[in-house]
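Please read this briefing beside the sequence and the model.

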Amino acid sequence: ILKPMEVEWMSKSNHGETCIICEENKTEGIHLYTKFLCSDCEKKIISTSTSDPEYSDYVKKLKSLRTPPLYS
C-alpha cells in the first residue's frame with residue numbers, strides 16, 4: 001500500500017520539468033526559487049573545478065535565478 005505522499009511524489013515525477021542548465025525535461029532534481037535544477041547538472045556543478053571553462057557557463061545560467069520573471 002502506498003502512502004499518500006508517495007503517490008503525490010510519483011505523479012509529480014511523471015511529467016518532469018525543464019532544467020535551467022541543460023534545458024532538458026528531467027524528473028529528478030531540486031527547485032531553486034522558481035527554477036528547476038536536475039540531479040545530473042547539480043552533480044556536474046559540484047564536481048566542476050572553478051578554473052574549468054564550463055564552470056563559468058554554469059554560473060551564467062544560475063544567474064537567471066536572480067532575475068524575476070517579467071510579466072506584461
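The protein has 3 helices and 4 strands, where helices (H or I, at least four residues) and strands (E, at least two) are DSSP runs, numbered from the N terminus. Read from the N terminus on, the order of these elements is α-β-β-β-β-α-α. This is a predicted model, in which local features need pLDDT of at least 70 and side-chain atom pairs count only at pLDDT 80 or more, while totals for chains, interfaces and linings use all residues. Residues are numbered from 1 along each chain as its sequence is written, and side-chain values use heavy atoms, with hydrogens and water left out.

**Burial, surface and contacts**

- Of the 72 residues of the protein, 21% count as buried, a class that means under 20% relative accessible area, with exposed being over 50% and partly exposed in between (1.4 Å probe, protein chains only).
- The accessible surface of the protein comes to about 6,000 Å², and carbon and sulfur atoms hold 56% of that area, as computed by the Shrake-Rupley method with a 1.4 Å probe, where for residues only the protein chains shown count as cover.
- Among the contacts in the protein with a separation of 6 or more, 22% come from residues 24 or more positions apart, a contact being heavy atoms within 4.5 Å.

**Cysteines**

- A search of the whole structure finds 0 disulfides, a disulfide being a pair of cysteine sulfur atoms within 2.5 Å.
- For cysteine 22, the closest cysteine sulfur is that of cysteine 41, and because the two sulfurs are 3.8 Å apart they are too far for a bond; cysteine 22 is partly exposed, at 25% relative accessibility.
- For cysteine 38, the closest cysteine sulfur also lies in cysteine 41, at 3.5 Å, which is too far for a bond, and cysteine 38 counts as buried, with 0% relative accessibility.

**Loop residues**

- Most residues other than glycine have a negative phi.
- Glutamate 23, although not a glycine, has a positive phi of about 60°; the residue sits in the loop between β1 (17–18) and β2 and is exposed, with a relative accessible area of 58%.
- Tyrosine 33 is not a glycine either, yet has a positive phi of about 60°; tyrosine 33 lies in the loop between β3 and β4 (35–38) and is exposed, with a relative accessible area of 74%.
- Threonine 27 belongs to the loop between β2 (25–26) and β3 (29–32) and is partly exposed at a relative accessible area of 46%.
- Threonine 27 and histidine 15 are separated by 12 residues in sequence and by 7.0 Å in space, C-alpha to C-alpha.
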